[in-house]
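Let's go through some of the labels used for this model and ask what backs each one.

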Amino acid sequence: MCGICGHIAFNGQDVSTRCVEKMTDTMQQRGPDAQGLFVQGAAALGHRRLKIIDLSEAAQQPMVDNDLGLTIIFNGAIYNYGELRQLLEAKGYAFFSSGDTEVILKAYHAWGRRCVQRFNGMFAFAIYERDSGQLFLARDRLGIKPLYYHERPGEFRFASALPALVAGGDIAGDIDPVALHHYMTFHSVVPAPHTILKDIRKIPPGETMTIDARGGLERETYWKLDFGPRPDEGHYGMAEWKALTLQTLRQAVQRRLTADVPVGVLLCGGVDSCLVVGLLAELGQSQLTTFSIGFDAVNGQDGNEFHYSDLIAEHFATTHHRIECDAADVLSSIETCLGAMSEPMVSHDCIGFYLLSQAVSQHVKVVQSGQGADEIFGGYHWYP
């Protein structure tokens, strides 16, 4: 993961580089490999980088294309950036880097706001137009990558993390009663555009936002989830649905190998993560690095699934890491775990994932897992 943030001023007001620096500093953990600051006219953009695709300095952000008059800050991964690059090169675009960030920049110039419809991946990005002073923001279809914002007369701020916006200053900490209602009702979830704070909002999944030089704001929904079958799938029986599910799983796992660093797997021992390991092995991925976490037994109940994860690790000959945590590890990490959250979360596995992330980061930057919809179908975990 990376961290993006920015401050846009309107009506002749001064842009605050100090505000952006504070927000960028707050997201150091999201991007420990590099940081950057861009200031032009009424805009200031900040970036924290975790190097995953194109590890060279050519892919440093904020990325500026002076010929096109565009600057981008980007968090995520575009899995089909290679194919899109070929299309853009055929249209006459020349590239100075080899990663996906510049592909987004050129795609925006070529296809405008509709470029997001061509992206297969997880993303949150902002593009600033030098000549018009317009800012374009976009979030991926399932909202895997976060994008928070704060608007008020004369300015607009945005960031990958809610605490970063607060660190920028002059934002009240009042609780949004509507968000609190959702949080206490829908399994501890605050749906977009609300956040737990009244003065901060988040761009909904599958939406873009355009802010002009005078502060005019326009939202557009470019994708909605369709739960029904496609017209050509209406006659499908169980065999066809099973085949399509397997095909989709294979495709999802393969796409998420898009990285210039090693990709590991969180192997809990359940059906989902074991399936990911098996599919990766089927794709020819050898010497996989896998990770499992376990806790103390309580009242005779095992606090781990090592028995199952060990079987899979042995069967597919992975380089396996058992991470054992006792009660002292859990208790001592609760405060820092809570501090790492952008919004309140009460899921029982939060502390487990936090401790697992700390251990995994000592070995790899990227892992696939079967934990929830935002991994096997939506993306992969990135650990700084």
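Q: What makes Phe 125 and Phe 136 count as buried or exposed in this predicted model?
A: Both are buried. Buried means under 20% relative accessible area, so each of the two falls below that cut-off.

Q: Why is the pair of Phe 125 and Phe 136 called tilted?
A: The ring centres are 6.0 Å apart. Pairing requires centres within 6.5 Å, so the two rings pair. The planes make an angle of 50°. Stacked needs under 30 degrees and edge-to-face over 60, so tilted is the label.

Q: What does the pair of Phe 125 and Phe 136 tie together?
A: Phe 125 sits in strand 6 (residues 121-129) and Phe 136 in strand 7 (residues 135-139), so the contact joins parts eleven residues apart in sequence. Ring pairs also link both into a cluster with Tyr 108, Phe 119 and Phe 123.

Q: Why is the pair of Tyr 149 and Phe 156 called stacked?
A: The centres are 5.6 Å apart, with 20° between the planes. Tyr 149 and Phe 156 are buried.

Q: How do you know how many disulfides the structure holds?
A: The count is zero. Take Cys 5: the nearest cysteine sulfur, that of Cys 19, is 7.8 Å away. A disulfide needs sulfur atoms within 2.5 Å, so Cys 5 is in none. For Cys 337, the nearest cysteine sulfur belongs to Cys 350, at 5.9 Å.

Q: Why is Cys 5 called buried?
A: Its relative accessible area is 0%. The limit is under 20%, so Cys 5 qualifies. Cys 337, at 7%, is therefore buried too.

Q: What makes strand 1 and strand 9 a pair?
A: Strand 1 (residues 3-9) and strand 9 (residues 155-159) share five bridges, in the antiparallel sense. At least two bridges are needed, so the strands pair. Cys 5 has Ala 159 of strand 9 as its bridge partner.

Q: Why are strand 2 and strand 10 called edge strands?
A: The open sheet has six strands in the order 2-3-1-9-8-10, with antiparallel pairing. Strand 2 (34-40) and strand 10 (201-202) each pair on one side only.

Q: How do you know how compact the chain is?
A: The chain has eleven helices and 18 strands. Its radius of gyration is 22 Å, close to the 21 Å from the globule rule for 384 residues, so the chain is as compact as a globular protein of that length.

Note on methods. Residues are numbered from 1 along each chain as its sequence is written. This is a predicted model: local features need pLDDT of at least 70, side-chain atom pairs count only at pLDDT 80 or more; totals for chains, interfaces and linings use all residues. Side-chain values use heavy atoms; hydrogens and water are left out. Buried means under 20% relative accessible area, exposed over 50%, partly exposed in between (1.4 Å probe, protein chains only). Helices (H or I, at least four residues) and strands (E, at least two) are DSSP runs, numbered from the N terminus. The radius of gyration is taken over C-alpha atoms; the globule rule is 2.2 Å times the number of residues to the power 0.38.
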